[in-house]
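Dear colleague,

I am handing over the structure shown below, which you have not worked with before. Please look through it first, and then read the notes that come after it.

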Amino acid sequence: MTRLFGIADQYLQKSDWKDLVAIKLCLFSMGVLAGIAVAKPKKQEVRLAAVLLFTVTYIPLMVKFLSILVRNKKTEEI
């Protein structure tokens with residue numbers, strides 16, 4: 001598993017923002033397809049799980065992004 005993570009790190013180092021957008025769109029479309037396939041009685045549970053997962057992942061990502069943004073702004077002022 002460690003090897004796989006190392007390869008993923010190398011891939012990200014060689015990628016630019018366009019590659020990451022393509023990955024996100026691909027994963028989003030997979031999620032939409034999975035959502036369409038969920039049986040009607042389970043849709044509410046899946047929706048709740050998706051909202052929770054989104055919230056749990058979005059907040060740390062935005063905290064990291066905003067800290068970088070603030071750091072860069074401070075560097076530009078100096």
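The notes below go from the whole chain to single residues and contacts.

This is a predicted model, in which local features need pLDDT of at least 70 and side-chain atom pairs count only at pLDDT 80 or more, while totals for chains, interfaces and linings use all residues. Residues are numbered from 1 along each chain as its sequence is written, and side-chain values use heavy atoms, with hydrogens and water left out.

The protein chain holds 3 helices and 0 strands, and along the sequence its pattern reads α-α-α; helices (H or I, at least four residues) and strands (E, at least two) are DSSP runs, numbered from the N terminus. Its C-alpha atoms fill a box of roughly 55 × 30 × 25 Å, taken along the principal axes. The radius of gyration of the protein chain is 17 Å, whereas a compact globule of 78 residues would have one near 12 Å; the radius is taken over C-alpha atoms, and the globule rule is 2.2 Å times the number of residues to the power 0.38.

The accessible surface of the protein chain comes to about 7,500 Å², and 72% of this belongs to carbon and sulfur atoms; such areas come from the Shrake-Rupley method with a 1.4 Å probe, and for residues only the protein chains shown count as cover. Of the 78 residues, 3% are buried, where buried means under 20% relative accessible area, exposed means over 50%, and partly exposed lies in between (1.4 Å probe, protein chains only).

Tyr-11 is found in helix α1 and counts as partly exposed because its relative accessibility is 44%. The backbone oxygen of Tyr-11 is reached at 2.6 Å by the side chain of Ser-15, a residue in the loop between α1 and α2. Ser-15 is buried, because its relative accessible area is 17%.

The search of the whole structure finds 1 aromatic pair. This pair is formed by Phe-54 and Tyr-58, which are stacked at 5.0 Å centre to centre with 20 degrees between the planes. Rings of Phe, Tyr and Trp (its six-membered ring) pair if their centres lie within 6.5 Å, and planes under 30 degrees apart count as stacked, over 60 as edge-to-face and the rest as tilted. Both residues lie in helix α3 (residues 43-77), 4 residues apart, about one turn of the helix, and Tyr-58 counts as partly exposed at 38% relative accessibility.

Met-62 also has its place in helix α3, and at 29% relative accessibility Met-62 counts as partly exposed. Met-62 and Lys-43 are 19 residues apart in sequence and 28 Å apart in space, C-alpha to C-alpha.

Finally, the count of salt bridges comes to 1, a salt bridge being a side-chain nitrogen of Lys or Arg within 4 Å of a carboxyl oxygen of Asp or Glu. The side chains of Lys-42 and Glu-45 meet in this way (3.8 Å, N to O), and Lys-42 is partly exposed, with a relative accessible area of 46%.

Notes: Polar contact = N/O pair within 3.5 Å; in protein donor to acceptor, adjacent residues only side chain to side chain.
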